[in-house]
Amino acid sequence: MEETMQSGGTGRSVATGVLRVAVSIIVPVVTFVLLYAAFIFMRDSDASRLLVAAVALIVGVFGVWLIYIGTDMVVSLLPAGIRERVRPFVFVGPALVVLTAYVVLPAVSSLYLSFLDARADEFVGLANYVFIFTDPAMLIVLRNNLLWLIFVTAFAVGMGLVIAVMADRAGRWEPVVKSLIFLPMAISAVGASVIWKFVYAFRPAGAEQIGLLNAVVTALGGDPQGWLLLRPWNNFFLILVMIWLLTGFCMVVLSAAVKGVPGELLEAARIDGASEARIFFQVIIPTIRGTLLTITTTVLIMVIKVFDIVFVMTSGQFGTQVIANRMYQELFTFRNSGRGSALAIILFIAIVPFIIYNVRSLREARR
Amino acid sequence: MSASTKTVKQTKRTDPRKILSSAPLWIALVLIGFLWTLPTAGLLISSFRPAVDIQTSGWWTAITHPFAETTRWTIENYQQVLTAEGMGTAFLNSLLVTIPSVVIPITIAAFAAYAFAWLDFPGRGFFFALVVALMVVPLQTALIPVLRAYVGLDLNGTYLGVWLFHTGFGLPLAIFLLFGYISSLPGEIIESAHIDGASPFTTFTRLVLPLSVPVIASFAIFQFLWVWNDLLVALVFLGTGREVMVVTSQLSALVGERGQDWHILTAGAFVTMIVPLIVFFSLQRYFVRGLTAGSVKG
């Protein structure tokens with residue numbers, strides 16, 4: 001095809017060739033100039049907010065595409081031999097660059113910062129870690145994270161499973177009930193915190209209670225309590241919020257697994273006279289073990305990073321501090337990047353087993 | 001298999017003894033569902049009550065006596081929250097933060113997933129294992145270094161900075177999900193496009209991308225909810241300036257400033273929840289799929 005063109009009219013083919021090269025260079029160059037200009041504009045502009053917003057949206061949505069189109073054009077100019085070897089990197093390159101810049105390098109950098117002092121000037125060895133594992137306030141932080149991990153995971157997964165099994169037998173009520181329990185999953189942790197702060201609202205004894213929990217307690221003859229000030233039980237009132245958020249999620253995932261338990265298996269167990277409790281523990285749970293494991297690790301990973309609920313409801317006061325919130329405080333209140341980084345690294349180390357597990361399952365799947 | 005479960009279900013429904021014996025079960029379930037919804041209902045109802053009423057009587061009194069003279073309803077809380085309390089601006093900012101934070105990672109991930117699935121390059125296996133490993137890295141490990149870099153680059157407080165951060169931590173999962181789908185597309189289609197002389201770029205945009213819409217939609221919903229509901233990233237990189245705050249950071253600021261003004265807080269909370277709730281009710285099936293697919297994330 002190219003050959004016939006060349007023999008047909010060298011002049012024309014040279015012209016189209018030049019044109020193609022020119023376009024292939026101009027388009028990427030214009031792309032990058034435009035994107036850079038837009039970047040500077042968004043960063044420094046005092047122009048009207050709406051205009052900035054419009055530019056931001058256009059750049060955010062279409063800018064990335066322009067980068068790919070531009071680089072692909074540049075690559076098309078390369079000699080045929082190299083071209084096909086370079087092309088895959090046009091496709092994966094940007095992803096690898098972003099991942100390196102935002103996930104890999106910062107993690108390494110955090111590790112480095114965790115060995116430096118508050119202002120990242122001097123090397124202090126393991127001092128930040130020693131502080132975290134000896135300071136009484138920090139030990140409470142670690143204890144609280146442990147409480148969150150144990151109780152949120154146990155209750156969200158446990159109740160999710162029980163409700164999934166119950167709902168499976170509830171006939172036409174199933175979708176309604178499941179929707180209601182699943183609904184909190186759409187709500188942000190900040191929104192949920194406001195919802196529950198209102199449930200826990202406290203008025204002195206004798207006054208009309210506007211918080212649901214104190215209204216119930218006083219109606220039953222008890223004294224109203226400031227639930228979020230009640231050490232150490234206040235931790236459990238915060239933990240309850242996350243259980244409320246996550247149970248529906250566990251239920252939905254486990255429900256699919258429960259429905260996968262063969263009906264014949266359940267019938268056979270019933271004919272043998274097994275009680276429902278026995279069926280639950282000795283037939284259903286062993287059958288869905290895989291899903292149960294997955295959902296448990298998923299919840300663990302979510303819980304260990306808990307931040308929003310504590311930040312909004314107590315700011316970590318009254319003995320309710322957790323790692324992620326303390327890290328935020330180290331960063332913005334105490335201006336101590338060393339301790340903040342050390343806390344981040346502790347979170348990371350806690351996640352390492354899951355990383356290893358994921359990569360191992362990938363290898364097994366490949367085999 | 002599915003036919004047999006269907007018949008089991010049907011007998012379950014038509015057998016009166018079964019219905020009777022399952023009565024305690026569904027009563028318990030309805031009770032659980034009711035309890036689960038109660039806190040949200042309290043918030044929603046309170047947001048339509050005048051400030052004085054919220055402070056002097058429990059929200060349930062408005063339900064037990066909906067038409068009594070002492071029960072008043074209002075939308076003033078919403079007017080105040082959207083204008084004077086800055087929730088309107090925050091709502092726009094949230095859209096501005098969220099939409100590119102969904103589109104950018106999806107685009108980058110789709111290109112990468114296609115390359116991992118159908119193009120050959122050195123280090124492919126290693127890089128994909130890296131992507132899988134990065135999937136659960138907590139975003140906290142990146143906060144301090146990225147913040148320091150942003151201060152140097154003057155990116156702190158910009159939308160671009162937040163988009164890129166969400167892109168970085170959305171990518172591993174997006175690539176993983178899209179790879180699973182794109183690699184299972186029939187090889188003959190991709191081969192034949194290649195034989196017809198289509199470049200990888202054309203194959204990708206004309207063929208692979210349109211075929212991958214279902215998995216893209218699932219991830220888009222997940223990422224949308226994730227970014228919309230995020231507080232930490234918005235706080236760290238956008239800060240707490242009135243004009244840049246998103247709905248979550250604005251609401252959390254209101255909790256700090258107006259801790260006892262429940263008419264503001266309830267209406268404000270509902271403003272932050274309305275978009276996710278619409279997604280939830282209109283796209284529940286996809287919502288579930290996206291959520292379950294995307295639950296493991298840094």
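## Chain B and the basis of the model

Of the 298 residues that make up chain B, 55% count as buried, a term that here means under 20% relative accessible area, with exposed meaning over 50% and partly exposed lying in between (1.4 Å probe, protein chains only). This is a predicted model, in which local features need pLDDT of at least 70 and side-chain atom pairs count only at pLDDT 80 or more, while totals for chains, interfaces and linings use all residues. Residues are numbered from 1 along each chain as its sequence is written, chains are lettered from A and ligands numbered from 1 in the order in which they are written, and side-chain values use heavy atoms, with hydrogens and water left out.

The secondary structure of chain B consists of 17 helices and zero strands, where helices (H or I, at least four residues) and strands (E, at least two) are DSSP runs numbered from the N terminus. Among the contacts in chain B between residues at least 6 apart in sequence, 75% join residues at least 24 apart, a contact being defined by heavy atoms within 4.5 Å. Chain B exposes about 12,400 Å², and carbon and sulfur atoms supply 68% of that area; accessible areas come from the Shrake-Rupley method with a 1.4 Å probe, and for residues only the protein chains shown count as cover.

## Chain A as a whole

Chain A has 16 helices and zero strands, and 50% of its 367 residues count as buried. Its radius of gyration is 29 Å, whereas a compact globule of 367 residues would have a value near 21 Å; the radius is taken over C-alpha atoms, and the globule rule is 2.2 Å times the number of residues to the power 0.38. Taken along the principal axes, the C-alpha atoms of chain A fill a box of roughly 100 × 65 × 45 Å.

Among contacts in chain A between residues at least 6 apart in sequence, 63% join residues at least 24 apart. The accessible surface of chain A comes to about 17,800 Å², of which 69% belongs to carbon and sulfur atoms. The mean positions of its 27 positive and 21 negative charges are 2 Å apart, with Lys and Arg counted as positive, Asp and Glu as negative, and His and the chain ends not counted; each charge is placed at NZ of Lys, CZ of Arg, CG of Asp or CD of Glu.

## The interface between the chains

The size of an interface is often given as the accessible area lost when the parts come together. Chain A and chain B bury about 9,700 Å² between them, 79% of it on carbon and sulfur atoms, where buried area is the accessible area (1.4 Å probe) that two parts lose on being put together, summed over both. On the side of chain A, F91(A), Y102(A) and F198(A) lose the most area to chain B, and together they account for 8% of what that side buries. In terms of contacts, 103 residues of chain A meet 116 residues of chain B.

I187(A) has contacts in both chains: leaving aside residues up to four places away in sequence, I187(A) touches A192(A), I195(A), W244(A) and L245(A), together with T40(B), N229(B) and M273(B). I187(A) lies in the loop between α7 (174-182) and α8 (189-199) of chain A, and it is buried, with a relative accessible area of 3%. The C-alpha atoms of I187(A) and G206(A), which are 19 residues apart along the chain, are separated by 34 Å.

## Backbone features in the loops of chain A

The peptide bond from R231(A) to P232(A) is cis, with omega near -15°, and P232(A) lies in the loop between α9 (212-219) and α10 (234-259).

A120(A), although not a glycine, has a positive phi of about 60°; A120(A) is found in the loop between α4 (80-113) and α5 (127-134) and counts as buried at 17% relative accessibility. F318(A) is likewise a residue other than glycine with a positive phi, near 55°, and its place is the loop between α14 (308-313) and α15 (323-332), where F318(A) is partly exposed, with a relative accessible area of 29%.

## A buried phenylalanine in chain B

F270(B) belongs to helix α16 (residues 262-282) of chain B and counts as buried at 16% relative accessibility. Not counting residues up to four places away in sequence, F270(B) touches L43(B), L44(B), Y78(B) and L277(B). F270(B) and L96(B) are 174 residues apart in sequence and 19 Å apart in space, C-alpha to C-alpha.
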